[in-house]
Amino acid sequence: MKLLKKLLKGIGIVLILFIVFILISLLVDSRRTSYLKISAHPDLETNSYLIKNVNVVPMTKDTVLKGKSVLIENGRIKQIGDQIPSNGLEEIDAENGFLSPGLVDMHVHIWDRYDLGVYLANGVTTVRNLRGFPMHLRIKEDIAEGKIVSPQLFTSGPILTGPYDLGDEKIQVLDEQMARELVREHKAKGYDCIKTYAGMPLNIFNAVLEQAEASQIEVVVHPSFEVPYGNNFQPQIAAVEHAEDIVQQALSYKLDTTILKSVIAQYGAGRQTLSPTLTGYSKILEMLQDDDVLNSEQAAYINPLVKKVDSEAQLERWTSEKETDPDIVERIQEQHDFHLHIVNELNRIGVNIVSGTDAGIGITAPGFSIHEELAFYLEAGMTNYGALKTATINPSKVHDKLHDIGTIQEGKKANFILTDQNPLDNLTVLKNPKWVMVDGRKLEPELMEQFKSKAKNRKGLVASALRWVEYLVVEK
């Protein structure tokens with residue numbers, strides 16, 4: 001009996017120590033990201049300004065409104081005009097710079113709060129997170145309560161897939177009843193949309209769409225191999241992800257321009273939105289061509305758990321592929337080039353293309369990747385204005401909750417990038433803004449550099465792992 005008591009006591013002590021370890025790890029991580037608190041930066045308490053001497057790039061059309069003033073009250077654009085009185089508000093002299101809407105990345109995976117600062121430092125003021133778990137709901141709450149400075153966060157719930165598509169990162173939906181219950185549950189918890197995945201059978205897919213319509217929540221689709229590609233053009237579906245899945249699913253891995261024409265026609269007829277995520281796919285080429293890619297500058301901004309678990313595994317996979325198949329580099333390059341052709345064809349007929357990068361998985365870094373994505377759209381044949389639309393006004397057409405971003409108009413959110421030069425002449429100027437504004441809060445270059453330096457080569461592997469365990473316990 002005494003032995004049993006000693007054993008139970010020992011187990012109890014170990015359990016207590018483990019709980020203490022968990023609490024300390026999360027507390028340390030919370031303190032390390034406290035630099036995002038608005039209360040830590042007195043200047044961020046202000047969200048009402050008068051911006052003077054500014055050239056406005058409204059993104060409602062391909063033009064610049066020269067020599068304007070922009071009045072901001074409580075994070076919203078109150079007035080745009082030639083001469084506007086400040087009425088006691090702090091004035092910002094834009095010094096004849098160019099004011100553009102903040103950028104939007106419509107396909108990201110956020111793993112910690114450090115990511116939020118990196119996005120802002122790269123001019124990204126709205127993100128759509130497409131692998132939701134409880135952490136994201138807490139971030140949304142803190143943003144809504146004005147506790148932290150952050151991009152606007154629009155997030156799906158956990159990824160829903162079919163019963164045989166295994167993996168902890170997805171919820172395996174067993175039947176139609178479970179599908180309906182999960183849609184209702186995710187809506188009730190506060191997730192903004194539902195995301196379906198590549199292994200979902202047609203009957204479960206249809207059940208998700210039916211319940212989403214009844215629950216008034218939108219669906220974002222990573223096309224399923226078990227659902228005909230044409231089924232992705234239904235009204236409940238707000239957007240389809242990945243140009244690569246047009247090749248892999250709609251074209252059965254064939255770079256066939258003849259078959260592609262029918263898919264392009266479906267996009268046009270269905271008025272469907274595509275987020276191509278060209279950057280995410282292009283990273284395969286980087287891994288095939290650079291064995292030291294995990295030591296690159298951008299890799300330093302990837303979450304440490306992702307780098308350890310996903311980035312290293314992907315690099316090992318593609319390195320192994322190259323050793324057994326020397327032609328793979330050429331084939332991946334050919335498919336990437338075909339993705340550019342797809343984007344060009346969709347853009348030519350006026351399909352709503354939204355910039356998404358798949359940042360947060362593999363070796364795709366948050367924030368920096370949006371500029372790579374825009375460069376690919378230029379390579380695909382878009383004009384500067386057309387490419388910039390994909391990261392500004394086009395996303396505002398996808399989800400009801402994003403209607404007040406993407407353009408500089410009265411009533412919209414005061415999410416801006418100020419640059420020395422006109423981005424409609426040269427998109428690369430967006431990489432180095434004079435300042436960024438989100439919800440009317442002005443981020444100076446020094447603060448943005450701080451956000452990047454705090455996230456670079458950061459710690460937090462244990463804290464990220466604990467949040468992942470929370471997801472497995474709560475959602476799985």
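**Figure 1. A look at the residues around the largest pocket.** In this predicted model, 43 residues line the largest pocket, and the ones nearest its centre are Tyr197, Glu244, Gln314, Arg317 and Ile361. The space inside comes to about 1200 Å³. Helix α9 (304-324) is one of the elements that give at least two residues to this lining, along with α6 (244-250), α8 (278-289), α10 (328-348) and α14 (461-474). The biggest share comes from α9, which puts in 7 residues. Sort the lining of the largest pocket by class and you get 21 nonpolar, 11 polar and 11 charged residues.

**Figure 2. The second largest pocket and what surrounds it.** This pocket holds about 600 Å³. Its lining has 32 residues, and nearest the centre sit Ala238, Arg271, Thr273, Asn352 and Lys397. Two or more lining residues come from each of α5 (202-215), β12 (237-241), α7 (257-270), β14 (352-353) and α12 (384-389). By class, the lining of the second largest pocket splits into 13 nonpolar, 13 polar and 6 charged residues.

**Figure 3. Where α9 meets α10.** Two packed helices can be described by the angle between their axes and the distance between those axes. Here, α9 and α10 pack at about 120°, and their axes are 9 Å apart. On the α9 side, Trp318, Glu321 and Lys322 make the contact, while α10 brings Ile328, Val329 and Ile332. Of the residues in this contact, 4 are nonpolar, none are polar and 2 are charged. Both helices also turn up in Figure 1, as each supplies at least two residues to the lining of the largest pocket.

**Figure 4. The open sheet of 7 strands.** Follow the strands across and the order reads β3-β2-β1-β4-β15-β16-β17, with mixed pairing. The edges belong to β3 (76-81) and β17 (441-443); each has a single partner strand, so one side of each has no neighbour in the sheet. On average, neighbouring strands here are turned by 35° against each other, direction ignored. Over at the β17 end, helix α13 (445-455) lies across β16 (435-438) and β17, running at about 75° to β17.

**Figure 5. Zooming in on β1, β2 and β3.** Strands β1 (49-56) and β2 (65-73) run antiparallel and are joined by 5 bridges. Leu71 has Gln79 of β3 as its bridge partner. The hairpin of β2 and β3 has 2 residues between the strands, and in it Asn74 takes a positive phi near 55°.

**Figure 6. Strand β10 and its partner β11.** Which way do the residues of β10 point? Cys193 and Lys195 face one way from the strand (193-196), Ile194 and Thr196 face the other way, and all are buried. Strand β11 (218-221) runs parallel to β10, with 4 bridges joining the two. Opposite Cys193 you'll find Glu218 of β11.

**Figure 7. Helix α11, mostly covered.** How many of the residues of α11 are buried? The count is 8 of its 11. They are Ser369, Ile370, His371, Glu372, Glu373, Leu374, Phe376 and Tyr377. Among the elements covering these buried residues are β5, β6, α8, α10, β14 and α12. After α11 comes Gly381, which has a positive phi near 115°.

Conventions
Residues are numbered from 1 along each chain as its sequence is written. This is a predicted model: local features need pLDDT of at least 70, side-chain atom pairs count only at pLDDT 80 or more; totals for chains, interfaces and linings use all residues. Side-chain values use heavy atoms; hydrogens and water are left out. Two strands pair if DSSP finds at least two bridges between them. Axes are lines fitted to C-alpha atoms, for helices over the stretch in contact, and angles run from 0 to 180 degrees between N-to-C directions. Contact means heavy atoms within 4.5 Å. On a 1 Å grid over the protein atoms alone, a cavity is a set of points where a 1.4 Å probe fits but cannot get out, and a pocket is an open set with protein on both sides within 12 Å along at least five of seven lines; lining residues have an atom within 4 Å of a point. Grid points are joined across faces, edges and corners, and a volume is the space filled by probe spheres set on the points. Ala, Val, Leu, Ile, Met, Phe, Trp, Tyr, Cys and Pro count as nonpolar, Asp, Glu, Lys and Arg as charged, and the others, Gly among them, as polar. Buried means under 20% relative accessible area, exposed over 50%, partly exposed in between (1.4 Å probe, protein chains only).
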